[in-house]
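Let's take a walk through this one together. Have the sequence and the model open side by side, and we'll go from the overall layout to the details.

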Amino acid sequence: MTAPYVRQAFRSCTASLSSRTIARSSRDALVFPSRRLALGARQYSDDKTTEERSQADAEKKQSDGEKTEVTPEAELLEKLKAKEAESMDLKSRLQYLQADFLNLQRNAAREKEQQRDFAITRFAGDLLDTVDVLALALKSVPESALAQSDSPSPDSSDLPSTSAQKSPLAYLKELHQGVEMTHRLLLSTLFKYHVKPFDPTGDKFDPNLHEALYQAPIPGKEPGTVLECQKTGYMIKDRLLRAAQVGVVQDPS
């Protein structure tokens with residue numbers, strides 16, 4: 001094999017190899033740029049999305065921090081509002097307690113006054129029987145007997161000088177005066193404790209104050225009125241101590 005032939009074969013191989021390499025490189029140059037552009041665009045878009053997300057997260061964290069951050073003025077304002085609400089609650093409770101205490105004081109004072117005024121109710125009721133007996137004793141002596149003039153008894157000459165000057169009528173008058181004074185004194189004592197008698201003769205019959213013993217048709221009298229009072233009634237302040245026992249005019253029809 002000669003040298004010229006070897007050189008020519010080497011050149012032909014080199015030319016074929018260079019043509020294949022150029023063709024492949026040109027084909028890669030036509031195909032790969034599009035891929036490179038797509039990859040670059042995707043990478044750019046991913047980088048942009050990540051940056052936007054990080055920026056949004058930073059803004060959100062900043063806004064959350066601003067929301068959760070409490071200034072000293074806001075904290076003092078919240079404490080002031082809480083203290084105001086607590087003071088209003090305590091004030092309302094104090095007002096309720098004060099009103100209850102005032103009501104309790106008024107009720108206690110009223111009960112004390114009632115106990116003082118009506119403590120002798122039973123005792124006064126028992127004394128009314130004595131008053132009635134004294135009143136009956138005074139009524140038992142007629143006015144005509146008291147109006148008679150005193151005259152010494154014919155047998156009084158044999159008696160001592162001190163007793164000869166008085167007749168039985170004089171003794172009767174003195175006894176009557178003593179009973180009358182006792183009756184008045186007892187009534188005045190009851191009056192000091194707000195016990196007062198009342199005579200409803202001529203008034204309208206009131207079942208709350210009067211006790212009807214009988215009814216009788218009386219011409220010229222209004223039916224339902226009190227004809228006479230057989231036993232005087234008594235009041236202790238504004239309460240009824242004893243009802244008056246009366247006779248009532250009956251309706252003729």
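**Starting at a loop**

His194 sits in the loop between helix 6 and strand 1; helices here are DSSP runs of H or I with at least four residues, strands are runs of E with at least two, and both are numbered from the N terminus. Phi of His194 is near 65 degrees, a positive value in a residue other than glycine. His194 is partly exposed, at a relative accessible area of 34% (buried is under 20%, exposed over 50%, partly exposed in between, with a 1.4 Å probe and protein chains only). Lys237, in the loop between strand 4 and strand 5, also isn't a glycine and has a positive phi of about 60 degrees. Its relative accessible area is 38%, so Lys237 is partly exposed.

A word on ground rules: this is a predicted model, where local features need pLDDT of at least 70 and side-chain atom pairs count only at pLDDT 80 or more, while totals for chains, interfaces and linings use all residues. Residues are numbered from 1 along each chain as its sequence is written, and side-chain values use heavy atoms, with hydrogens and water left out.

Now zoom out. The chain has six helices and six strands, running α-α-α-α-α-α-β-β-β-β-β-β from the N terminus on. Of its 253 residues, 16% count as buried.

So where is the largest nonpolar core, and what is it made of? A core of this kind is a set of buried Ala, Val, Leu, Ile, Met, Phe, Trp, Tyr and Cys residues joined through side-chain atoms within 4.5 Å. The largest has 14 residues, and Leu190, Val195, Tyr234, Ile236 and Leu241 have the most contacts inside it. Helix 3 (121–139), helix 6 (168–192) and strand 4 (233–236) each give two or more residues to this core, with the largest share, five residues, coming from helix 3. Leaving aside neighbours within four places in sequence, Val195 is in contact (heavy atoms within 4.5 Å) with Ala124, Leu190, Tyr234, Met235, Ile236 and Leu241. Apart from this core lies another, of six residues, including Phe198, Val226, Ala244 and Val246.
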